Amino acid sequence: MDQQNLFRVAGLFSFEGEPVEIIPYGNGHINDTFRVTCCPAAGVRRYILQRMNRNVFERPEELMENLCGVTEWLKKKITETGGDALRETLSLVPVRDGRPYLKDADGEYWRAYLFIENATSYDLVEKDEDFYQSAVAFGRFQRLLADYPADTLHETIPDFHNTPDRLAKFETALEADVCGRANEVQEEIRFVLERRSLAHALTDCLRDGMLPLRVTHNDTKLNNVMIDDQSGKAICVIDLDTVMPGLSLYDFGDSIRFGASTAAEDEQDLSKVSCSLHLFELYAKGYIEGCAGALTDAELDLLPMGAIVMTFECGIRFLTDYLEGDHYFKIHREEHNLDRARTQFRLVADMEEKLPQMKEIVKRLRSEARLDD
Ligand code: ADP
Ligand code: GN1
Ligand code: MG
């Protein structure tokens, strides 16, 4: 991206000191993220500057309304309990005119955050403890938002985790086959179509009133949580664009999909891809603890199914994007989305085999949690 334009945009935010360096940052698939370094007299100050993805988020104003509401709410709760709100939730840095975001002359939307220093967001589990900590943090995140006025939240992406709707969109993309790619991915297509009923496993329970609607994060990848470099604790949940009413199983399942995999989301050697039961157990333990008794019996029963459905859904989304010509997820090589879809389907197949063991693990964790009461 044009450096001159970046510096011009950065100059409009109320950063301390002049920006001296702006570099692309992180491995997100959606927004354009930059790290801005400023050098005021007081020392170095760093910020995150993001250009929001307008293709994905059609109503950035509503998204920012959610984000301001949620971060203010979290800030209050964290401060009340003696925490450090500047590190434990995202802090928006306003534009110099006081507005929380900027709309530039090209109609692009920009926002900025304080850079969370001395903390790391991981793309793979390097230490088991980090994964456990992220589970506690995502569970706690949901608890902090449990009494948030959910009716004030905009649906930033309608039907985001409506898996049957994702399946329907996949079938439309398959029918249209605008890039002529369907023929070469018959195996993957068959994998999806053979599992149509799986898409309904969570939404049917929601429809039948078996599962409570909560305020959830909806994008609980390990790299959406910052782990403190010194204490090793997960200190801050980031990427709040999709905070909306949802199911706890979306959050649990998405974390397992990404973090309990033995390989990267885009690994090309599928023999490396499997679901680690050890990591599944660690995350389930942390999540149950983080939710602190809030999960219902039905939610606990469905944790393993949540992992399978979220992984299946994500695979469908990657494959749909591949068929449609890669317009949604950022790609860094040809067939990147296809590689991603393949890892997800490999994980689904592995989780299907391991379902009895996953259920057994949750059963054991539940009885241990009861003993601790
Ligand atoms: P995307 O929606 O594209 O995933 P994110 O908001 O997750 O965008 O940001 C991308 C990456 O930037 C994150 O994975 C993280 O590494 C980094 N990041 C985002 N916000 C901060 C922050 N406030 N402090 C430090 N790093 C951040
Ligand atoms: C995207 O924004 P990021 O990279 O944290 C996507 C998630 C997918 C994920 C797959 C808004 O997450 O839903 O699960 O990629 N976010 C959005 O890696 O679509
Ligand atoms: Mg992200």
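Author: We will take the metal site, then each ligand in turn. Keep in mind that this is a predicted model.

Reader: Which residues coordinate the magnesium ion (ligand 3)?

Author: Look for donor atoms within the distance cut-off, which is 2.8 Å here. Two residues qualify: Asn 224 through OD1 and Asp 239 through OD, at 2.2 Å. Water is not among the atoms, so the site may look incomplete.

Reader: Where in the chain do Asn 224 and Asp 239 sit?

Author: They link distant parts of the chain, 15 residues apart. Asn 224 belongs to the loop between strand S7 (214–216) and strand S8 (225–228). Asp 239 belongs to the loop between strand S9 (234–237) and strand S10 (244–246).

Reader: Is Asn 224 buried or exposed? And Asp 239, buried or partly exposed?

Author: Read the relative accessible area; under 20% counts as buried. Asn 224 has 5%, so it is buried. Asp 239 has 25%, so it is partly exposed.

Reader: Now ligand 2. Which residues are the closest?

Author: Start from the shell, then pick out polar contacts. The shell holds 19 residues, and the closest are His 29, Lys 221, Glu 265, Arg 317 and Tyr 328. A polar side-chain atom of Tyr 328 lies 2.5 Å from a ligand 2 oxygen. For Lys 221, the side-chain distance to an oxygen of ligand 2 is 2.8 Å.

Reader: How much of ligand 2 does the protein bury?

Author: Compare the ligand alone with the ligand in place. Alone, ligand 2 exposes 440 Å², and the protein buries 98% of that. Its space is the largest pocket.

Reader: Which helices supply at least two residues of that shell around ligand 2?

Author: Helix H8 (248–259) and helix H11 (303–324). H11 gives the largest share, 3 residues.

Reader: And ligand 1: which residues come nearest?

Author: Of 20 residues around ligand 1, the nearest are Asn 31, Gln 50, Ile 116, Ser 121 and Asp 239. Ser 121 places a polar side-chain atom 2.7 Å from a ligand 1 oxygen. Backbone atoms take part too: a polar one of Asn 223 is 3.0 Å from an oxygen of ligand 1, and one of Ile 30 is at 3.2 Å. Taken alone, ligand 1 exposes 550 Å², of which the protein buries 96%.

Reader: Which strands supply at least two residues of the shell around ligand 1?

Author: Strand S3 (45–51) and strand S5 (109–114) each do. Ligand 1 sits in the largest pocket.

Key. Residues are numbered from 1 along each chain as its sequence is written. Chains are lettered from A and ligands numbered from 1 in the order in which they are written. This is a predicted model: local features need pLDDT of at least 70, side-chain atom pairs count only at pLDDT 80 or more; totals for chains, interfaces and linings use all residues. Side-chain values use heavy atoms; hydrogens and water are left out. Donors are N, O and S atoms within 2.8 Å of the metal (3.2 Å for Na, K and Ca); water is not among the atoms, so sites may look incomplete. Helices (H or I, at least four residues) and strands (E, at least two) are DSSP runs, numbered from the N terminus. Buried means under 20% relative accessible area, exposed over 50%, partly exposed in between (1.4 Å probe, protein chains only). A residue is near a molecule or strand if one of its heavy atoms lies within 4 Å of it. A polar contact is a pair of N or O atoms within 3.5 Å; within protein, one must be able to donate a hydrogen and the other to accept it, and residues adjacent in sequence count only if both atoms are side-chain atoms. Accessible areas come from the Shrake-Rupley method with a 1.4 Å probe; for residues, only the protein chains shown count as cover. On a 1 Å grid over the protein atoms alone, a cavity is a set of points where a 1.4 Å probe fits but cannot get out, and a pocket is an open set with protein on both sides within 12 Å along at least five of seven lines; lining residues have an atom within 4 Å of a point. A molecule sits in a cavity or pocket if more than half of its atoms lie within 2 Å of its grid points.
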